[in-house]
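Open the model in your viewer and keep the selection tool ready.

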Amino acid sequence: NRFYFDYGTEGFDAYYEPYQLKMNEVLQEKGFIKGNDFVTQRFEGADHSPKSWEARLHVPIKFLLGNI
């Protein structure tokens, strides 16, 4: 299994980072390898909106489906 997480720094997403960092720790404690089994991306200036997601949709697609 692979996991992809991302968040911006504006609006609702501005509160997300501490929780995501904890999630990263939990995954690593469970043996998941950052960059291989999971990726977390922080997008400066992005918010929690379809417009922001559209601008970066290629990132999770490449990670999640890139080695098929």
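**Stop one: the salt bridges**

The structure holds 4 salt bridges, a salt bridge being a side-chain nitrogen of Lys or Arg within 4 Å of a carboxyl oxygen of Asp or Glu. Before you select them, note that this is a predicted model, where local features need pLDDT of at least 70, side-chain atom pairs count only at pLDDT 80 or more, and totals for chains, interfaces and linings use all residues. Residues are numbered from 1 along each chain as its sequence is written, and side-chain values use heavy atoms, with hydrogens and water left out.

Select Asp6 and Arg56. Their side chains form a salt bridge at 2.8 Å, N to O. Asp6 belongs to strand β1 and Arg56 to helix α2 (residues 50-56), so this pair ties together parts that are 50 residues apart in sequence. Helices (H or I, at least four residues) and strands (E, at least two) are DSSP runs, numbered from the N terminus. Are Asp6 and Arg56 buried or exposed? Both are buried. Buried means under 20% relative accessible area, exposed means over 50%, and partly exposed lies in between (1.4 Å probe, protein chains only).

Next, select Lys22 and Glu25. Their closest N and O atoms are 3.8 Å apart, and the two form a salt bridge. Lys22 and Glu25 are 3 residues apart in helix α1, so about one helical turn separates them. Lys22 is partly exposed at 47% relative accessibility. Glu25 is partly exposed too, at 39%.

Move to Arg42 and Glu44. Here the salt bridge spans 3.1 Å, N to O. Arg42 is partly exposed, with 45% relative accessibility, while Glu44 is exposed at 61%.

**Stop two: the strands and the crossover**

Switch to cartoon. The protein chain has 3 helices and 2 strands. What pattern does the chain follow along the sequence? The pattern is β-α-β-α-α.

Select residues 3-8 and 38-43. These are strands β1 and β2, which pair in the parallel sense over 6 bridges. Strands count as paired if DSSP finds at least two bridges between them. Pick Gly8 to find one of the links: its bridge partner in β2 is Phe43. Now trace the chain from β1 through helix α1 (residues 17-29) to β2; this β-α-β crossover is right-handed. To check the hand, point the strands away from you: in a right-handed crossover the path from the first strand over the helix to the second runs clockwise.

**Stop three: three residues and their contacts**

Show contacts, meaning heavy atoms within 4.5 Å. Leave out residues up to four places away in sequence for the three lists below.

- Phe5 sits in strand β1. At 16% relative accessibility, Phe5 is buried. Phe5 touches Tyr16, Gln20, Met23, Leu27, Val39, Thr40 and Gln41. Draw a C-alpha to C-alpha distance from Phe5 to Pro60: it is 8.2 Å, across 55 residues of sequence.
- Arg56 has a relative accessible area of 4%. Arg56 touches Asp6, Asp13, Phe43, Ala46 and Asp47.
- Asp47 is in the loop between β2 and α2. Asp47 is partly exposed at 29% relative accessibility. Asp47 touches Glu10, Asp13, Ser52, Trp53 and Arg56. Asp47 and Phe12 are 35 residues apart in sequence, and their C-alpha atoms are 6.9 Å apart.

**Stop four: the surface and the whole chain**

Areas come from the Shrake-Rupley method with a 1.4 Å probe; for residues, only the protein chains shown count as cover. Leu65 is in helix α3 (residues 58-65).

Zoom out. The accessible surface of the protein chain is about 5,000 Å², and 57% of that belongs to carbon and sulfur atoms. Of the 68 residues, 29% are buried. The C-alpha trace spans about 30 × 30 × 15 Å along its principal axes. Among contacts with a separation of 6 or more, 66% join residues 24 or more positions apart.
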